[in-house]
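Here are my notes on the model you sent over.

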Amino acid sequence: MAWHQTIVQLRPRARGFHLVTDELLAQVPTVRSLRVGLAHLFIQHTSASLTINENADPTVRSDFERWTREVVPDGARYFAHDAEGDDDMPAHIKASLFGAGITIPIRDGTLALGTWQGIYLGEHRDHGGSRSVAVTLMGE
Amino acid sequence: MAWHQTIVQLRPRARGFHLVTDELLAQVPTVRSLRVGLAHLFIQHTSASLTINENADPTVRSDFERWTREVVPDGARYFAHDAEGDDDMPAHIKASLFGAGITIPIRDGTLALGTWQGIYLGEHRDHGGSRSVAVTLMGE
Amino acid sequence: MAWHQTIVQLRPRARGFHLVTDELLAQVPTVRSLRVGLAHLFIQHTSASLTINENADPTVRSDFERWTREVVPDGARYFAHDAEGDDDMPAHIKASLFGAGITIPIRDGTLALGTWQGIYLGEHRDHGGSRSVAVTLMGE
């Protein structure tokens with residue numbers, strides 16, 4: 001049984017949803033040494049999220065952004081927390097809607113994702129900057 | 001410390017939310033051998049989800065489906081990804097809203113669910129077919 | 001490799017979102033003995049949730065409650081499951097939207113949360129009472 005933990009810095013992205021599978025995996029080569037296990041990824045921020053979704057068509061990511069702007073509107077009249085701008089409180093809600101953490105099975109040295117699955121960074125601020133992700137691997 | 005991993009195929013379901021606790025557990029008898037641990041369930045698709053909710057009244061599941069259709073409407077004007085039909089892009093969003101994975105504590109050889117908790121499959125496509133779930137157990 | 005599992009009872013809260021990091025951590029001192037690991041928290045109910053969000057400004061929590069009431073309205077016309085009151089079916093949906101479980105990395109004897117992250121209890125019933133959370137720690 002082995003544990004491996006590291007903090008990965010993702011490069012800054014524009015507001016929206018971004019496929020980050022390759023950028024993350026490149027920084028955790030230890031996955032390849034595990035026959036069975038779990039990878040846990042945890043974003044250490046309250047206005048960005050990690051989720052699993054379609055890895056091929058970029059319009060899926062832009063549709064994600066359009067839908068989230070419809071359902072959690074910038075500057076909605078009922079938000080009181082607005083000192084940091086109209087995108088701030090919606091970003092907090094989106095962070096919890098999609099979630100700060102994901103756990104992915106490891107099988108035969110790779111992530112056991114389905115054919116069409118990839119890891120999305122949800123960047124919910126207009127200017128979020130670099131985001132840190134704590135990656136914890138356990139397995140054997 | 002023991003690891004156990006298997007891929008479970010769920011039989012096809014109609015669009016909607018379905019209680020699949022028994023179908024899943026029947027295929028992972030190893031749970032019974034663990035005194036303490038975690039069970040991780042991960043659906044390997046981008047248009048279906050796993051979530052925990054009420055295990056008794058079937059109207060809870062039909063109300064889940066009605067609410068998700070209200071909030072993520074089929075064929076919404078702002079979706080660009082529509083080549084596979086009006087249910088496709090909404091299915092991707094619902095997959096991330098409810099999530100691809102759940103982790104459940106194991107205690108004394110069984111899932112430590114609350115009295116009213118069960119495992120839901122969210123089938124978000126009109127014709128989703130069989131779904132595969134990677135089940136990873138770890139414990140002692 | 002060590003496992004530690006306990007059931008924590010949270011004191012009753014009013015409907016809304018509440019910061020419970022300190023109340024939870026006070027009951028799992030074992031975190032301090034782990035150099036690397038994971039903490040899994042699982043609420044054993046179908047009308048309350050756990051999520052990670054902003055730990056400083058209380059208006060973030062009240063804005064969470066306002067937004068969830070907008071998006072999952074009490075007594076919506078399309079809900080059939082209403083025998084227990086107008087807040088019941090919305091509470092089930094919110095429980096799955098935010099989720100029953102969270103996993104947090106452990107690093108050097110403490111939760112590896114970001115500076116602004118805390119653990120929220122989402123209490124989605126008008127009179128939810130005390131809530132039980134199964135806490136599972138694993139690590140070394």
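1. Terms first: helices (H or I, at least four residues) and strands (E, at least two) are DSSP runs, numbered from the N terminus. On that basis chain A has three helices and eight strands. Their order along the sequence is β-β-α-β-β-α-α-β-β-β-β.

2. Ground rules, quickly. This is a predicted model, where local features need pLDDT of at least 70 and side-chain atom pairs count only at pLDDT 80 or more, while totals for chains, interfaces and linings use all residues. Residues are numbered from 1 along each chain as its sequence is written, and chains are lettered from A and ligands numbered from 1 in the order in which they are written.

3. Overall dimensions of chain A. The C-alpha trace spans about 50 × 30 × 20 Å along its principal axes.

4. Call a residue buried if 20 or more other C-beta atoms lie within 10 Å of its own, exposed if 12 or fewer, and partly exposed in between, with C-beta atoms placed from the backbone. Buried residues are then 51% of the 140 in chain A. For contacts, the C-beta atoms of two residues, placed from the backbone, must lie within 7 Å. Of the contacts in chain A with a separation of 6 or more, 84% are between residues 24 or more positions apart.

5. How are the copies related? Superposition is by least squares on the C-alpha atoms of residues with pLDDT of at least 70 in both copies. Chain A goes onto chain B by a rotation of 120° with 0.0 Å of shift along the axis, at RMSD 0.0 Å. The two copies are thus related as by a three-fold rotation axis. In chain A, A:Leu97 has the C-alpha nearest the axis, at 3.6 Å. Chain C also superposes on chain B by a 120° rotation with 0.0 Å of shift along its axis, again with RMSD 0.0 Å. In chain C the C-alpha nearest that axis belongs to C:Leu97, 3.6 Å away.

6. The A–B interface. Here 31 residues of chain A are in contact with 26 residues of chain B. On the chain A side, the elements supplying at least two residues each are strand E3 (36–43), strand E4 (48–54), helix H2 (58–71), helix H3 (88–98) and strand E5 (101–107). H2(A) gives the most, with nine residues. That side divides into 16 nonpolar, eight polar and seven charged residues; the classes are Ala, Val, Leu, Ile, Met, Phe, Trp, Tyr, Cys and Pro as nonpolar, Asp, Glu, Lys and Arg as charged, and the others, Gly among them, as polar. Only 16% of the interface residues of chain A are also interface residues in chain B, so the copies meet through different surfaces.

7. The C–B interface. Chain C puts in 26 residues and chain B 31. The largest share of the chain C side, six residues, comes from H3(C). The residues on that side are 14 nonpolar, twelve polar and no charged.

8. Have a look at strand E7 (residues 117–123) of chain C: seven of its seven residues are buried. One side carries C:Gln117, C:Ile119, C:Leu121 and C:Glu123, the other C:Gly118, C:Tyr120 and C:Gly122, and both faces are covered. Strands pair if DSSP finds at least two bridges between them. E7(C) pairs antiparallel with strand E2 (residues 16–19) of chain C over four bridges, with C:Leu19 opposite C:Tyr120. Seven bridges join E7(C) to strand E4 (residues 48–54) of chain C, also running antiparallel, and there C:Asn53 partners C:Gly118.

9. The core. A nonpolar core is a set of buried Ala, Val, Leu, Ile, Met, Phe, Trp, Tyr and Cys residues joined through C-beta atoms within 7 Å. The largest has 114 residues, and A:Leu50, B:Leu50 and C:Leu50 have the most contacts inside it.

10. Last one: is B:Pro12 buried or exposed? It counts as exposed, with 11 C-beta neighbours inside 10 Å. B:Pro12 sits in the loop between strand E1 (2–10) and strand E2 (16–19) of chain B. Its C-alpha is 4.6 Å from that of B:Gly129, 117 residues apart along the chain.
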